[in-house]
Amino acid sequence: MRGYTERTKKLREISTNTQPSISLERALLETEFYEKYYGTVETPVLRALNFKNLMKKRKLYIGQDELIVGEKGEGPQAAPTFPELCCHTVEDMTVMNDRKYISFKVKEEDKKLQQEKIIPYWEKRSIRHKILESMTGEWKDCYAAGMFTEFMEQRAPGHTVADGKIYEKGFLDFKKEIEEEIEKIDFMNDPDAYDKKAQLEGMAISCDAIIIYGQRYAQYARELASKETNPKRKEELLWIANNCDVVPAHKPETFAQALQMYWFVHIGVTTELNTWDSFSPGRLDQYIYPFYKKEKEEGMIDYHKARELLECFWIKFNNQPAPPKVGITLKESGTYTDFANINTGGINPYTGEDGVNEISYMILDVMDELKLLQPSSNVQISVKTPDEFLKRAVEISRKGWGQPAFYNTEELIQELLNAGKTLEDARFGGASGCVETGCHGREAYVLTGYLNVPKILELTLNDGFDNYTGKQIGIKTGNPEDFSSYEELFDAFVKQLNYIIKVKIRGNNVIEKIFAKHMPSTFMSVLTDGCKESGRDYNAGGSKYNTRYIQVVGIATITDCLSAIKYNVYDNKRFTMGELLEALKSNFEGYAHIRNLVLNHTPKYGNDDDYADDIMLDIFTATRDIIRGRKTVCGGTYQIDMLPTTCHVYFGSVMGASPNGRLAEKPVSDGISPEKGADVKGPTAVIKSCSKMDHTSTGGTLLNQKFSPSSIAGEEGIENVSSLIRSYFELMGHHIQFNVIDKKTLLDAQKHPEEYKDLIVRVAGYSDHFNNLEKSLQDEIIERTEQAFN
Amino acid sequence: MKANIFNIQKFSVHDGPGIRTTVFFKGCPLKCLWCHNPESQNLSKEILYDKYKCTLCGNCIRVCANNAIEKKGNTLITNMDKCSFKGDCIVSCINSARQIAGREYTLDEVMKEVLKDRVFYKNSKGGVTLSGGEPLIYKEFIEELLMRLKKENIHTAVDTCGYADFKVFEKISKYTDLFLYDLKLTDDVKHIFYTGVSNKIIINNLIKLSKIHNNINLRLPLIEGINADENHILEILKIIKNMNIKKVNLLPYHDIARHKYEKLCRGYSKDMKKPRDEKLKKYKEMFEKEGYKVKIGG
């Protein structure tokens with residue numbers, strides 16, 4: 001059993017052994033509230049009062065031996081639903097209950113309540129309904145064909161991270177600041193004065209809501225203490241009560257209160273809406289170290305006590321499964337993980353000096369000991385980071401479950417500067433979710449959906465026709481057999497790319513407005529700089545910085561496809577475009593000679609070969625330039641990300657065979673990693689190819705590198721991996737993560753899942769239990785190239 | 001100036017310190033029975049053919065412009081005198097059963113390839129290793145190559161069997177940061193029997209080299225049934241006693257190369273075995289007792 005103390009062993013056991021289930025409490029409270037109050041007040045106030053109602057009435061939970069308190073549902077692994085966003089049908093619930101992977105148990109009586117109470121009210125009022133009603137025929141065709149996905153179809157924008165303000169102020173302080181802003185509203189001259197007032201009032205109510213929640217916990221802990229017979233536990237419960245007297249109303253005074261403060265905020269954000277990527281503490285080690293240092297100097301805390309508290313805190317994240325997803329949203333993100341992502345190390349955001357401190361090492365110890373899926377744990381590596389810290393992180397990472405992942409501090413800061421942020425704000429930046437970059441506590445950086453770039457080439461090769469849906473999806477760019485040069489083909493591809501992105505962004509513009517109008521998130525607005533000053537909501541462009549990301553998927557697949565065509569059809573004339581199209585149509589059956597040429601005798605991305613890598617650069621640049629810098633409807637700016645979560649499996653499943661030899665329905669490449677089996681020159685060549693694109697003009701890239709355990713053994717193995725990381729980061733790579741498991745083990749795990757319950761592998765920007773992955777995703781992980789260290 | 005090279009291996013971590021690129025030159029004056037890279041022995045290019053992958057589809061026979069390939073029973077025979085190494089048979093093979101060993105590289109081409117990984121050399125304190133075959137065969141080529149690498153401030157290592165004119169060592173030693181020097185057998189009769197040449201030149205060169213170069217790692221292949229015995233170790237200790245050598249690598253034999261011999265249609269002795277771990281540990285201790293730094297493996 002994992003855990004530093006008996007207490008954390010037990011808490012971890014409960015967290016990992018409880019079957020996730022649906023909790024209807026939130027949906028019922030909210031429905032009752034809306035029936036009564038909808039239309040009586042302005043929307044931001046309505047949403048804030050709804051939030052307050054939830055925080056006031058929800059059931060509280062203090063588990064046995066817990067020291068940090070608060071749950072999103074009625075207890076560990078209970079997942080509330082958000083019918084105002086996505087109103088599940090009873091059939092959805094049956095699917096969630098019965099499905100083999102990522103299942104949620106649903107009680108029969110809850111299905112009945114869903115049918116009788118929730119569905120009648122929300123069916124036609126949910127955001128999902130509004131979105132689907134507002135989308136054009138072109139959007140719907142592209143969506144059905146798997147050209148792109150839509151992040152806000154079942155979940156709310158979020159994608160942001162806490163900064164240091166919640167450790168410096170309490171919610172009474174925040175409320176006071178908001179009230180001062182209300183005083184300042186200029187009703188004589190400001191045409192938005194009325195809207196601002198409603199928004200700021202909502203934000204003030206949200207402060208009340210979280211304060212009430214804390215007070216209720218204090219009271220509940222005292223109640224339990226009065227009944228507790230074990231004197232030690234009684235004392236602990238009173239200690240919890242004292243902590244909840246202080247936070248979240250006031251700023252934390254101790255290490256434990258700092259952790260409890262964040263945790264209340266986390267529960268607040270994830271109760272208000274089902275924000276993507278839940279919420280994250282960001283640069284946790286930077287914020288909580290001063291509390292630890294002070295108390296340690298006063299003799300009030302030691303490593304042992306702090307470590308136990310930190311483990312209690314860690315387990316809390318793992319208690320919260322991601323909100324239940326269905327349909328395409330489940331396919332693009334097939335996991336229980338809710339992507340809370342903690343950045344450790346890097347630089348001190350206040351001074352710019354090396355940021356590694358005692359808590360940074362303690363976090364690595366906790367990560368190593370608990371080996372939990374959540375929170376996703378990563379380290380930021382700066383040129384200033386000591387080798388000792390890097391090596392300790394590598395030592396944990398090579399145990400083979402993909403954590404921690406490694407992020408490049410200098411590159412993160414450069415990305416943010418390139419996107420127009422100040423250096424001061426950029427230093428408070430980091431990665432969240434998978435690999436997405438943002439200025440913590442200052443920015444709304446909202447992911448809007450994945451873009452299936454390889455399928456855009458497929459459309460181009462079929463003059464805009466999609467074989468999967470049997471419809472003309474793209475525009476007419478001509479019969480590829482008539483193209484006399486590679487450049488003509490590439491032009492046609494770029495035209496299709498432009499068109500599909502236009503369809504996506506037109507939809508995004510509508511969805512952004514729907515959320516701005518109907519779903520203000522007043523609590524999140526309290527936490528993000530700019531909302532208070534502008535009197536605008538987080539979901540309406542109120543933050544200091546506003547970014548919308550489109551995530552580009554399959555760069556390696558599309559590169560190898562275009563390389564295959566350029567090299568074989570145009571440059572070397574080994575076969576004609578007509579022959580290639582026939583081969584693709586028949587999934588290469590009867591065309592082994594063509595498949596052999598494109599698979600084994602064509603330059604490919606991932607080998608530090610400029611022939612292929614130059615093509616990658618053309619595609620990367622074209623895609624980025626179409627998206628980057630566009631204005632969003634609420635005043636933000638578009639950027640690209642290069643990450644897949646699990647979407648590359650879904651995107652492959654809606655495609656036929658591709659020119660690079662990939663067979664029909666097989667996954668496309670993940671992140672910026674090379675196509676499976678295409679990288680034959682080892683990890684240094686992969687890193688060189690990947691670093692040719694300008695990472696600093698994106699909002700994050702993801703590189704998966706797999707090693708067999710034998711290849712990175714010993715002290716030399718740690719040093720070599722550390723050098724690889726330092727080199728990639730010197731070349732301004734954004735992120736790298738490792739899976740260190742041999743193929744044999746994975747094949748055996750597929751055959752005998754019962755024997756590998758503990759097997760965790762790196763999927764995309766997160767790790768997951770191998771047994772929780774769908775068969776196709778398992779196959780894909782097995783196939784990812786095992787890079788040999790000779 | 002060109003050299004025949006059969007592999008440029010990136011992320012090489014067993015041929016010297018740090019992350020390295022190893023350039024494998026083709027051709028060797030020795031023909032060791034246990035050689036792991038049999039395709040490195042001949043100076044000229046060769047075709048490797050995997051009969052287990054071959055389905056006798058006949059593609060290669062059809063595309064060969066020189067009619068060099070013919071089917072004999074359930075296998076294919078390539079007439080090397082006719083072969084022009086154009087590679088059509090390789091590209092046309094849908095089973096990836098054929099490969100060419102060896103390609104002519106110019107100095108510029110080798111430099112371009114090895115400089116690609118310079119960032120990794122810098123961060124890992126690695127560099128470039130010249131190996132083979134026997135790199136010293138290409139004396140002008142490697143002298144120039146090593147000189148250019150030093151101009152680029154890259155760490156250089158030369159892995160050699162020692163069987164060369166000492167003048168070549170003299171010339172390259174100032175551009176070489178580290179020598180990986182192989183010593184196979186101390187008994188000359190056995191040496192001739194197992195490698196095809198006498199060890200006199202090799203041992204003499206080692207003595208002379210150690211006087212002009214102070215960074216030599218001795219590499220000892222150990223094969224059960226041939227040289228994995230204590231007497232051999234004692235003999236070696238005697239030879240290197242007063243030399244300027246600090247590090248020794250014990251390289252236990254493994255039979256991973258067996259399939260390569262088959263692909264080259266050459267025989268492979270079955271009498272060789274990997275020495276037991278206890279033996280290796282013992283030998284390691286014997287060297288350590290005399291003050292050497294020892295590593296099992298590269």
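Guide: Let us begin with a term: the radius of gyration is taken over C-alpha atoms, and the globule rule is 2.2 Å times the number of residues to the power 0.38. Please also keep in mind that this is a predicted model.

Visitor: What radius of gyration does chain A have, and what would a compact globule have?

Guide: Chain A has 26 Å. A compact globule of 790 residues would have a radius of gyration near 28 Å, so the value for chain A agrees with the rule. Along the principal axes, the C-alpha atoms of chain A fill a box of roughly 85 × 60 × 55 Å.

Visitor: How many helices and strands are there in chain A?

Guide: Chain A contains 32 helices and 17 strands.

Visitor: And what does the secondary structure of chain B come to?

Guide: For chain B it comes to 11 helices and 13 strands. The radius of gyration of chain B is 20 Å, close to the 19 Å from the globule rule for 298 residues, so chain B is as compact as a globular protein of that length. Its C-alpha atoms fill a box of roughly 60 × 45 × 35 Å, taken along the principal axes.

Visitor: Into which domains is chain B divided?

Guide: Domain 1 of chain B covers 2-43 + 103-296, and domain 2 covers 47-101. The C-alpha centres of these two domains lie 32 Å apart. Their contact takes 5 residues from domain 1 and 4 residues from domain 2.

Visitor: Which classes are on the domain 1 side?

Guide: On the side of domain 1 of chain B that touches domain 2, there are 2 nonpolar, no polar and 3 charged residues.

Visitor: Now the two chains together. How many residues are in contact?

Guide: The contact joins 24 residues of chain A to 16 residues of chain B. On the chain A side, helix H26 (592-600), helix H29 (683-690) and helix H30 (714-730) each supply at least two residues.

Visitor: Which helix gives the most?

Guide: That is H30(A), with 8 residues. By class, the side of chain A that touches chain B has 7 nonpolar, 10 polar and 7 charged residues.

Visitor: What scores does the predictor give the complex?

Guide: The complex has an ipTM of 0.95 and a pTM of 0.94. Chain B averages a pLDDT of 94, and 99% of its residues score at least 70.

Visitor: Back to chain A. At what angle do H12 and H13 pack?

Guide: Helix H12 (residues 255-272) and helix H13 (residues 284-297) of chain A pack at an angle of about 160°, with their axes 8 Å apart. Angles over 145 degrees count as roughly antiparallel, and H12(A) and H13(A) are therefore roughly antiparallel to each other.

Visitor: Which residues make the contact?

Guide: H12(A) contributes Phe255(A), Ala258(A) and Leu259(A), while H13(A) contributes Ile288(A), Phe291(A), Tyr292(A) and Glu295(A). By class, this contact has 6 nonpolar, no polar and 1 charged residues.

Visitor: Which peptide bonds are cis?

Guide: One of them runs from Val247(A) to Pro248(A), with omega near 5°. Pro248(A) lies in the loop between helix H11 (231-246) and H12 of chain A. Another runs from Gly132(B) to Gly133(B), with omega near 15°. Gly133(B) is in the loop between strand E8 (127-131) and helix H5 (139-151) of chain B.

Visitor: What is phi of His159(A)?

Guide: Phi of His159(A) is near 50°, a positive value in a residue other than glycine. Most residues other than glycine have a negative phi. His159(A) is placed in the loop between helix H7 (137-145) and helix H8 (165-168) of chain A.

Key:
Residues numbered from 1 in each chain as written. Chains lettered and ligands numbered in written order. Predicted model: local features only at pLDDT ≥ 70, side-chain atom pairs only at ≥ 80, totals over all residues. Axes fitted to C-alpha atoms, helices over the stretch in contact; angles between N-to-C directions. Helix = DSSP H or I, 4+ residues; strand = E, 2+ residues; numbered from the N terminus. Parallel < 35°, antiparallel > 145°, perpendicular 65-115°, else oblique. Contact = placed C-beta atoms within 7 Å. Nonpolar A, V, L, I, M, F, W, Y, C, P; charged D, E, K, R; others polar. Domains from an automatic or database assignment. pLDDT = per-residue confidence, 0-100.
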